[in-house]
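These are my notebook entries on one structure. I wrote them in the order in which I looked things up.

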Amino acid sequence: MRTDVWQALHKDLDHGVQEDQETYAVPFEGHSILLPIRALSDGKRGVASFILNQASFSVVDAVADALAQKLALYQPDIIVGVPTLGLPLAEAVARRLGHTRIVPLSTSRKFWYDERLSVNMSSITSPEKEKRLYLDPRMIPLLTGQVAVIDDVLSSGSSIASALGLLHLQQVEPAVIGTAMLQGTAWRSRVSQYPVEGAFTTPILHKTDAGWAAQ
């Protein structure tokens with residue numbers, strides 16, 4: 001099992017599936033980030049995985065820098081973070097934009113939460129483990145002006161759709177959605193009415209006789 005993935009910005013890698021058939025080099029800001037390939041449950045498809053809290057600090061900083069630069073064009077007044085790994089990315093981007101806080105959504109219910117401020121949530125990496133996504137009632141007054149929603153990865157779009165549904169309960173329409181990685185294209189149907197910015201993009205991979213190949 002390789003431990004060197006998402007640890008550095010590389011200049012000497014050809015983009016795409018690597019010879020080891022275990023990793024994928026994604027273009028990023030004139031460099032590459034090496035990502036592990038994970039087979040999905042059907043055994044026929046795979047994804048280049050990015051786990052933010054396992055990445056090196058230098059890679060996380062570079063991703064946050066790139067995403068903050070893109071979101072600055074929308075002049076967001078508040079950043080909403082989607083759990084779990086969207087939260088540290090949201091905080092990093094908010095700091096770079098000069099914000100002093102974020103609005104964190106949560107899958108952990110506190111006793112003062114209201115079930116009416118919650119929706120179901122699942123993701124491509126844990127489709128059978130549906131959770132509830134909550135908005136702390138104390139955060140509602142902060143949801144004004146230009147709102148940016150940040151998650152770590154957009155793939156199936158189910159997680160971000162839950163976050164948007166939760167915000168819709170408060171009549172909040174985001175000005176932009178930001179993410180570290182845009183994975184495939186399935187997410188587009190879930191967020192077609194909103195601008196989306198990603199630090200980098202990866203395809204859905206398919207298993208062939210010769211190995212993994214981009215769709």
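Where is the place of E29? I found E29 in the loop between β3 and β4. Helices (H or I, at least four residues) and strands (E, at least two) are DSSP runs, numbered from the N terminus.

Before going on, I noted that this is a predicted model, in which local features need pLDDT of at least 70, side-chain atom pairs count only at pLDDT 80 or more, and totals for chains, interfaces and linings use all residues. Residues are numbered from 1 along each chain as its sequence is written, and side-chain values use heavy atoms, with hydrogens and water left out.

**Entry: backbone angles**

Most residues other than glycine have a negative phi, and most peptide bonds are trans. I looked for departures from this. E29 is not a glycine, yet its phi is positive, about 50 degrees. E29 is exposed, with a relative accessible area of 51%. Here buried means under 20% relative accessible area, exposed over 50%, and partly exposed in between (1.4 Å probe, protein chains only).

Q171 also has a positive phi, of about 55 degrees, and is not a glycine. I located Q171 in the loop between α3 (158-168) and β11. Q171 is exposed, at a relative accessible area of 66%.

The peptide bond from P83 to T84 is cis, with omega near 5 degrees. T84 sits in the loop between β6 (78-81) and α2.

**Entry: T107**

I then looked up T107, which lies in the loop between β7 (103-104) and β8 (118-121). T107 is partly exposed, with a relative accessible area of 30%. Contact means heavy atoms within 4.5 Å. Leaving aside residues up to four places away in sequence, T107 touches P83, M121, K131, R132, L133 and Y134. T107 and M121 are 14 residues apart along the chain, and their C-alpha atoms are separated by 8.6 Å.

**Entry: the cores**

A nonpolar core is a set of buried Ala, Val, Leu, Ile, Met, Phe, Trp, Tyr and Cys residues joined through side-chain atoms within 4.5 Å. The largest one has 41 residues, and I33, L35, F50, V63, L89 and F200 touch the most other members. Elements that each supply at least two residues of this core include β3 (23-28), β4 (31-39), α1 (57-71) and α2 (86-96). α1 gives the most to this core, with 9 residues.

I listed the contacts of F200, not counting residues up to four places away in sequence: V26, P27, F28, I33, L35, F50, V63, A180, M181 and L182. There is a second, separate core of 25 residues, and I78, V82, V172 and V191 are among them.

**Entry: α1 and α2**

What is the angle at which the axes of α1 and α2 cross? They cross at roughly 60 degrees and come within 9 Å. Axes are lines fitted to C-alpha atoms, for helices over the stretch in contact, and angles run from 0 to 180 degrees between N-to-C directions. α1 and α2 are therefore oblique to each other; angles under 35 degrees count as roughly parallel, over 145 as roughly antiparallel, 65 to 115 as roughly perpendicular and the rest as oblique.

On the α1 side the contact is made by D61, V63, A64, D65, L67, A68 and L71, and on the α2 side by L89, A92, V93 and R96.

The buried residues of α2 are G86, L89, A90, A92, V93 and A94. Their cover includes α1, β6, β10 and β11. G98 follows α2 and has a positive phi, near 85 degrees.
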